[in-house]
Amino acid sequence: MAGRIPEDFINEVRSNVNIVDVISQYVSLEKKGKDYLGLCPFHQEKTPSFTVNEEKQFFKCFGCGKGGNVFKFLMDKENLTFPESVASVAEFAHIPMPATYGKGAPISNPLIKLHEEVAEFYHRVLLTTEVGVRGLSYANSRQLDKEIIEHFKIGYAPKQDNILYTYLHDKGYEDATLAESGLFVENKDGRLFDRFRDRLMFPLDDENGHIIGFSGRRISEDATQAKYMNSPETKIFTKSKVLFHFAEAKKAARAEQHLILYEGYMDVIAAYKAGIKSGIASMGTSLTDQQIYLLRRITSNIIINYDGDDPGIHAEERAVDMFQRVGGFNLGVVVLPEKLDPDEYVKKYGVAKYQEEVAAALSPTDFFLRRLQQKYNLHNDREKLQYLDEAIKKIATLTNPMEQDIFIKKVSEEQGVSLDSLKASLMREIRRLKQVRRHTEQAYDLSEEPSPVTTETELSKQNDPALDRLLYLFINFEEARDFLLQQKFLFPNQKYAQLAELWLKYISTHENPTTNSFLDFIPEELQGIIVNTEMTEMPAEFSEREILQTIHTINLRKIDSQLKELQSKIQDAQRKQDASEILQITQKILELKRAQGQKEAF
């Protein structure tokens, strides 16, 4: 990529995108007043503190403190350089990059670049070489046609030793980089060997669509080898944070209005063939909290469709429990008949029938009650009473009275028990739960200690409202800026002073300066101050009197700070019994107090 991106082009890209549209690819945003709120993509949280201001085209998380414009968001979220983020936003806006700059944004992470190259190698081997015929025959036997192979970038790792190592070594990759990738195994002598051999290869993407690992499906019938093999964990690949097909599925979630969680990637592929584009799967591990938080940022509508056998049903129960503990989800659960997994079901019954199963997904309570019915012999009165007792306890935990009403009526009709008797039992259980909750809360209040202040909170307290106000006026209003310069006001904080100086330089060299474009002009460590002033509710009206009063407040505070410092110094001088030093400090204190008195008389 050659040449610098012209500033006019950067401004064109910025003005032709809405930050809300870009961030909505990563975060489920809900409009609240003039702003949009969502769960922060940079840290785990249950209550939304991530705010996007459409009018000013800024984002800010009031939990972790991150903020900026559309370019800064992509730089932080996708670990891009500034030019790469501009290229990415330009692509989103369908604006071609300048010819002098080249095509597309390069991948800056060497491990990701390596994985992209390996994926292309495996894919090419599968489709265009004699060695790949073995893999292609297996793919066809699994009903993976060319469209599916292309969409999921499926490839083949040859059976022969060290084909990949030789290929990458000839391309100039060093052994240290190859060892770090996880794609090779090192023997006792330090030699590297291909980790994946004779396997159909499925690339694993991060949420931004960058390939960070692989999963290989055994082709041979050798049962001594693992059927599935994933990349080991590396600097770029952590299994507990990865969901297969997530980068593509989150785009489809807008149209399909949900994400569907499967056990394995073959189920995701089967669903894709059935016209369901929003399928995702965890990579050979149980569902994790990190994956749940990843999903919650995109949509609250989740359908779980694990295998229909006993292990799959137990895994569904665990997943439902995890989602409900996190809260805020609208869950559906699909239980396929005959203990079939989605791939088997689609092959046996076809696309239309599978789509019907998804449309008829059970609510978590329905799923629980059906499972509970299988646990007991409902023709036996003793076991039937046990079932009813457990069903009542479950329904009592529901917080929606209408939902309670629906399921208590359903149990009454299915089991031939009077509705009144079930409602009486339900009310008793609800009262019992309230008592338990009250006692728990009281015990918690007695034992709870004050929580420590988080780093994010401490950082947010470093912002100075008085300085923020003056900087906001200095940047946004020429009249206010001229008045401050006439008063020969200097920002006492070095960072604010630097920003004021940079703004003066910026407006002298740019015809239509904006705070959004200014953000790309200043060092990263100063950007947070600008974002904070812009995202804070500031009155547009101001007067010279307000400015003078704010300056006065800052000056008094400065004197207070100097007095505290001198009081500390005089105590040191007294300990040392240094009479000369004590006299000098005392004189300075008196001068400051006189100045303080004069200013207070303002």
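Guide: We start with salt bridges. A search of the whole structure finds 28 of them. Keep in mind that this is a predicted model.

Visitor: What makes Asp-161 and Arg-197 a salt bridge?
Guide: The cut-off is 4 Å between a side-chain nitrogen of Lys or Arg and a carboxyl oxygen of Asp or Glu. In this pair the closest N and O atoms are 3.4 Å apart. Therefore the pair counts as a salt bridge.

Visitor: Why do you say that this pair ties parts together?
Guide: Asp-161 sits in the loop between E6 and helix H8 (163–170). Arg-197 sits in the loop between strand E8 (192–194) and E9. The two parts are 36 residues apart in sequence, so the pair ties them together.

Visitor: Why is Asp-161 called exposed?
Guide: Exposed means over 50% relative accessible area. Asp-161 has 58%, so the label is exposed.

Visitor: What label does Arg-197 get, and why?
Guide: Arg-197 is at 33% relative accessibility. Buried needs under 20%, exposed needs over 50%, and partly exposed is in between. So Arg-197 counts as partly exposed.

Visitor: How do you know that Lys-348 and Glu-338 meet in a salt bridge?
Guide: The N to O distance is 2.6 Å. The limit is 4 Å, so the pair qualifies. Lys-348 is in helix H14 (residues 342–349), and Glu-338 is in the loop between E16 and H14. They are 10 residues apart, and the pair links distant parts of the chain. Glu-338 has a relative accessible area of 46%, which makes this residue partly exposed.

Visitor: Which residues are linked in a network of salt bridges?
Guide: Lys-77, Glu-207, Lys-250 and Arg-297.

Visitor: Now the sheets. What is the strand order in the open sheet of five strands?
Guide: The order is E12-E14-E13-E15-E16, with mixed pairing.

Visitor: Why do E12 and E16 stand at the edges?
Guide: Strand E12 (243–244) and strand E16 (330–333) each have a single partner strand. So one side of each is left without a neighbour in the sheet.

Visitor: How do you know that E15 and E16 pair?
Guide: Pairing needs at least two bridges. Four bridges join strand E15 (residues 301–304) to E16, so they pair. The two strands run parallel. Asn-301 has Asn-330 in E16 as its bridge partner.

Visitor: What makes E13 a partner of both E14 and E15?
Guide: Three bridges join E13 to E14, and three bridges join E13 to E15. The threshold is at least two, so both count as pairs. Both run parallel to E13. Leu-261 has Ile-304 in E15 as its bridge partner, while Ile-260 has Gly-279 in E14. The chain crosses from E13 through H11 to E14 in a right-handed β-α-β crossover.

Visitor: Which way do the side chains of E13 point?
Guide: Leu-259 and Leu-261 point one way. Ile-260 and Tyr-262 point the other way. All four are buried, which means under 20% relative accessible area.

Visitor: Which strands does helix H10 lie across?
Guide: Helix H10 (residues 246–256) lies across E12, strand E13 (259–262) and strand E14 (279–282). H10 runs at about 145 degrees to E13.

Visitor: What about the sheet of four strands?
Guide: This open sheet has the order E6-E9-E10-E11, and its pairing is antiparallel. Strand E6 (155–157) and strand E11 (228–230) are the edge strands, since each pairs on one side only.

Visitor: How many bridges join E9 to E10?
Guide: Seven bridges join strand E9 (residues 199–205) to strand E10 (residues 211–218). At least two are needed, so they pair. In E10, Gly-213 is the bridge partner of Leu-204.

Methods. Residues are numbered from 1 along each chain as its sequence is written. This is a predicted model: local features need pLDDT of at least 70, side-chain atom pairs count only at pLDDT 80 or more; totals for chains, interfaces and linings use all residues. Side-chain values use heavy atoms; hydrogens and water are left out. Contact means heavy atoms within 4.5 Å. Axes are lines fitted to C-alpha atoms, for helices over the stretch in contact, and angles run from 0 to 180 degrees between N-to-C directions. Buried means under 20% relative accessible area, exposed over 50%, partly exposed in between (1.4 Å probe, protein chains only). A crossover is right-handed if, with the strands pointing away from the viewer, the path from the first strand over the helix to the second runs clockwise.
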